[in-house]
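Take a look at the protein below and its two ligands. We will walk through the model one region at a time.

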Amino acid sequence: MYLYNSASHKKEEFVPNHPDIVKMYTCGPTVYHYAHIGNLRSYIMEDVLEKYLRFLGYNVKRVMNITDVGHLSSDADTGEDKMLKGAKREHKSVMEIARFYTDAFFDDCRKLNIKRPDVVEPATNCIDEYIKIITKLLDTGYAYQAGGNVYFDTSKLKRYYIFNDHNEEDLAVGVREGVEEDANKRNKNDFVLWFTKSKFEDQALKWDSPWGVGYPGWHIECSGISMKHLGEDLDIHCGGIDNAFPHHTNEIAQSESYLGHKWTNFWVHVAHLNTADGKMSKSKGEFLTVSLLEEKGYDPIAYRFFCLQSHYRKSLVFSWENLDNAQKAFEKLIARIAALKPDDGAVDDTVRAEYRAKFIQQMDNDVNTPNGVTMLYDILKAKTNDATKRALLADVDTVLSLSLLEKADALRERNAKAAQSGGGEFAVVAEDGEPDAAVEELIRKRAAAKKAKDFAEADRIRDELKAQGIELTDVPGGAKWKRV
Ligand code: AMP
Ligand code: ZN
């Protein structure tokens, strides 16, 4: 597989460090509020990467943090702790907020078929790890104490900027609301490893440390958690593009200074989901959550489909119209799969192997999900029996996770029930995948005529369709058609 590495700015062949395991780390959510669907775009695409690695036969161990302390309003270590802000907003304790929004996050993930990582670790569980790393960084001169806090000294590094060459403008820099210069810092980009003093003395969570009672900075959390569960090296580290600077840049600085060697091989960054008027936000404009999509009648999996239709390194514009189009296309896809006959002979292993290889060819190219989605249509058009098509769809869906067969089977059952009771939805499926409103209307008229026992009219419409070169097959709960 070739994967784009943000650290080298090119696609590189993916070769794991160890033959028996792929070590993957993902920056998790800051649980002070619901995740917006932009955050969830990152988690969907990371989920696909993990599942694709498993599809290729790798044994993946994936670790994710839950940030429940230390992430300040600005990624540059200023402002109030986001968790404390959340707690004040809702008149609850920080731990109550953390529990509530962690559960809400995993509920959203479940609705979007995002697998739970093998290890999910709250930042507040690993204070000893951070203290161990910070102690060594101080001993080796990479860190210094000032004004009660411990800072990482970026001037000690030969190369600090990894993802951009001294140009923050190149990147979607993490949020910087209300940035104020911290006079304790020796260099502009130095960052806090441990806080004992902050303007916000009411910080709820504090721990004892060699430098006084305080709490960790946000960046050290990911280094500490990753090393606790995955050891001294990583194959892949993921996150949204806004995490590249300063968060991931700082993670590399402190981890490699601590370890004395290279830490992560591949840095994978997911581009942002934006609204037409710019950045997605939890505080401004419409707060786009999975629950909001559901309230408006969208299937969360249609949102996953929408995400997969675009490559993860391209920014994606969200609009209700775009989501409508994705949902419609998804519904049509499911209707076509529902028209496949489940017990249609034996699976043809040669065809199955051929299409699996085609899918791998697409996805091997930097997880090309738009082409992966196109493969679904190619499978439907393949010259093989329905059992083989269903087997292939199931194979591919272990990666794309769109619940294809499950949804198709449920639709077929609904249609069958509706047909039995004589009412409800009547599914019309274009077998070549190109719906035609006029044809569909005639087919529906014929169904209505049959229902009204006007068989002469029903036959007349069938003849009319035949004259147009259209072959019609009645199926439970609907009809399918194709041009012959
Ligand atoms: P947070 O909960 O703010 O720490 O962010 C969780 C994840 O979502 C991180 O990997 C961010 O980089 C990512 N993220 C934030 N905003 C967006 C967005 N608009 N589109 C895609 N990913 C995002
Ligand atoms: Zn992180």
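**Starting at ligand 1**

Gly240 places a backbone N or O atom 2.9 Å from an oxygen atom of ligand 1. How much of ligand 1 does the protein bury? On its own, ligand 1 exposes 500 Å², and the protein buries 94% of that. Keep in mind that this is a predicted model.

An N or O atom in the side chain of Ser42 sits 2.8 Å from a nitrogen atom of ligand 1. In the side chain of Asn39, an N or O atom is 3.1 Å from an oxygen atom of ligand 1. In total, 17 residues surround ligand 1. The closest are Gly38, Ser42, Gly240, Asp242 and Leu273. Leu273 will come up again below.

Now step back to the whole chain. The protein chain has 15 helices and 19 strands. Its C-alpha trace spans about 90 × 50 × 35 Å along the principal axes. Of its 484 residues, 56% count as buried. The domain assignment gives domain 1 (2-287), domain 2 (299-425) and domain 3 (426-484). How far apart are the centres of domain 1 and domain 3? Taken over C-alpha atoms, 56 Å separate them.

Next comes the metal. Which residues supply the protein donors of the zinc ion, ligand 2? They are Cys27, Cys222 and His247. The two cysteines use their SG atoms, and the histidine uses NE2. These donors lie 2.0 to 2.1 Å from the zinc ion. Along the sequence, the donor residues follow the spacing C-x194-C-x24-H. Cys27 sits in the loop between strand S3 (22-26) and helix H1 (37-55), while Cys222 belongs to helix H5 (residues 218-230), so the pair ties together parts that are 195 residues apart in sequence. Cys27 and Cys222 are both buried.

The backbone deserves a look too. Most peptide bonds are trans, and most residues other than glycine have a negative phi. A cis peptide bond joins Phe245 to Pro246, with omega at about 5 degrees. Pro246 is part of helix H6 (residues 244-259).

Positive phi values turn up at several places. Start with the loop between helix H10 (349-363) and helix H11 (369-381), where Asp366 is found. Asp366 is not a glycine, yet its phi is positive, about 55 degrees. Is Asp366 buried or exposed? Asp366 has a relative accessible area of 1%. The cut-off for buried is under 20%, so Asp366 counts as buried. Val367 lies in the loop between H10 and H11 as well. Val367 is not a glycine either, and its positive phi is about 50 degrees. Val367 is buried, with a relative accessible area of 4%.

H2 itself covers residues 82-90, and its buried residues include Lys82, Met83 and Leu84. Gly86 and Ala87 in H2 are buried too.

Now turn to the strands. Strands of a sheet pair through backbone hydrogen bonds, either parallel or antiparallel. Strand S1 (residues 2-5) and strand S2 (residues 10-13) run antiparallel, joined by 4 bridges. Tyr2 stands opposite Glu13 in S2. The hairpin of S1 and S2 has 4 residues between the strands, and His9 takes a positive phi near 60 degrees in this hairpin.

An open sheet of 3 strands runs in the order S15-S14-S16, with mixed pairing. Strand S15 (278-279) and strand S16 (316-318) stand at the edges with a single partner strand each, so one side of each is left without a neighbour in the sheet. S14 (residues 273-275) runs parallel to S16, and 3 bridges join them. Here is Leu273 again: this residue, one of the closest to ligand 1, stands opposite Leu316 in S16.

End the tour in helix H8 (residues 300-308), which holds Phe305. Phe305 is buried, with a relative accessible area of 0%. What distance separates the C-alpha atoms of Phe305 and Ala353? They are 24 Å apart, and the two residues lie 48 residues apart along the chain.

Conventions: Residues numbered from 1 in each chain as written. Chains lettered and ligands numbered in written order. Predicted model: local features only at pLDDT ≥ 70, side-chain atom pairs only at ≥ 80, totals over all residues. Heavy atoms only, no water. Donors = N, O, S within 2.8 Å, 3.2 Å for Na, K, Ca; no water. Helix = DSSP H or I, 4+ residues; strand = E, 2+ residues; numbered from the N terminus. Buried < 20%, exposed > 50% of the residue type's maximum accessible area, 1.4 Å probe, protein only. Domains from an automatic or database assignment. Pairing = 2+ DSSP bridges. Near = heavy atom within 4 Å. Polar contact = N/O pair within 3.5 Å; in protein donor to acceptor, adjacent residues only side chain to side chain. Areas by Shrake-Rupley, 256 points an atom, 1.4 Å probe, with all protein chains shown as cover.
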